[in-house]
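Q: Could we go through this structure together, starting with one residue and its surroundings?

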Amino acid sequence: RVVVVGSINMDLVTETDTFPRLGETLFGKRFAQYPGGKGANQAVAAARLGAEVTLIGCVGDDALGAQMKTVLAREGVDTRWIATGREATGIAQITLSGGDNAIVVVSGANYELSPADIDRAEAAFHAADVVLAQLEVPLATVRHAARVAHAYGKPFFLNPAPAVALPEELLELTTLLTPNEHELAAALQTHGAAWQDVLRRRPGRIAMTHGKDGAYYTTEDGELKHQPGFSVQAVDTTGAGDTFNGALAAFWHLGMAEAMRRANAAGALSVTRAGAQGGMPTLAELEQFLTS
Ligand code: ADP
């Protein structure tokens, strides 16, 4: 059982021939909506891989919020603890033109997710095997979730994205930090230091993703380990990190090395297909990939 605390967004994507200039109105070529937000993405990734998943988040009292809950429920994610805020459901407005993009993110209701919403979902923490959070909801809420997980003796995984410096208390409460190289330096304020040294300084507490190279972690006694990535034809790398995190939580009971191997495989499969959630493999697809 995985409890995810995090963001829920709808990506609104338009394709145009040129970007509109200030004051200009133009006709676009295509429009599509894609469910997203790191919280929702990681919840869906874990659910597709067979975990029982509860997502704690906050949407607006609007059509996009209702749609996101429907999408999540269809993926088998327990949406009981998704609160309804006063602000609009979080969105990312993405304009694509000739290989470039312009993006506006409005966090909206995601920033209304409060410590009280965590307390309300206490039963979910009680039943959890792993609690997984990211940083697209208020830091105070993430910290509270870490405290509650700690109080229940549950492992707390933190994917520190987007990149930001983390308070020491949150680091102490985090069982496993799962940054990429850039987020690692930001989270621990270790710009300029070799990441290998940073990992060794917190033995057993960090798993760092490294794109197609795979991931790195240290054992409890400080030995640096590399879990190699899988070689695939990359089509769209959005959602690779989210897939990796959801998979790591889903397979945590198999032990660090095996969970990381499967998370790498899931991440690799996700980049072979378009879209964040669109690319996330099912358990059957993952197993077939690992035995082929
Ligand atoms: P983020 O998207 O958060 O920056 P990474 O790029 O490190 O994260 O990717 C997360 C994981 O997804 C990697 O550790 C790896 O397992 C997998 N992955 C990402 N890109 C590729 C790729 N091109 N080929 C194979 N696996 C990949």
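**Contacts and packing**

A: Leaving aside neighbours within four places in sequence, N264 is in contact with G214, A215, Q227, G229 and F230. Please note that this is a predicted model.

Q: Where is N264 placed?

A: N264 is in helix α10.

Q: Is N264 buried or exposed?

A: N264 counts as buried because 24 C-beta neighbours lie inside 10 Å, and the threshold for a buried residue is 20 or more.

Q: What does UniProt place at N264?

A: The unreviewed UniProt entry places the feature "binding site" at N264.

Q: Take G211, then; where is it found?

A: G211 is found in the loop between β11 (207-209) and β12 (214-218).

Q: And why does G211 count as partly exposed?

A: G211 has 15 C-beta neighbours inside 10 Å and therefore counts as partly exposed. A residue is buried at 20 or more and exposed at 12 or fewer, with partly exposed in between.

Q: Back to α10: how do the axes of α9 and α10 cross?

A: The axes of helix α9 (residues 240-250) and helix α10 (residues 256-271) cross at roughly 150 degrees and come within 8 Å. The crossing of α9 and α10 is right-handed.

Q: Which residues make the contact?

A: From α9, the contact is made by A240, T243, F244, A247 and L248. On α10, the residues are A259, M260, R262, A263, A266, G267, S270 and V271.

Q: How do the residues of that contact divide into nonpolar, polar and charged?

A: The contact of α9 with α10 has nine nonpolar residues, three polar and one charged.

Q: Changing topic, what order do the strands of the open sheet have?

A: The open sheet has four strands in the order β3-β2-β6-β7, and its pairing is mixed. Its edge strands, each pairing on one side only, are β3 (30-36) and β7 (100-106). From one strand to the next, the twist averages 20 degrees.

Q: How many bridges join β6 to β7?

A: Strand β6 (residues 90-97) is joined to β7 by seven bridges, and the two run antiparallel. One of the bridge partners in β7 is D100, which pairs with S97. In general, strands of a sheet pair through backbone hydrogen bonds, either parallel or antiparallel.

Q: Which strands does α2 lie across?

A: Helix α2 (residues 63-74) lies across β2 (9-15), β3 and β6. Relative to β2, α2 runs at about 105 degrees.

Terms used: Residues numbered from 1 in each chain as written. Predicted model: local features only at pLDDT ≥ 70, side-chain atom pairs only at ≥ 80, totals over all residues. Axes fitted to C-alpha atoms, helices over the stretch in contact; angles between N-to-C directions. Left-handed = near helix turned anticlockwise from the far one by under 90°. Contact = placed C-beta atoms within 7 Å. Nonpolar A, V, L, I, M, F, W, Y, C, P; charged D, E, K, R; others polar. Pairing = 2+ DSSP bridges. UniProt positions renumbered as here; feature names shortened; annotations may be inferred.
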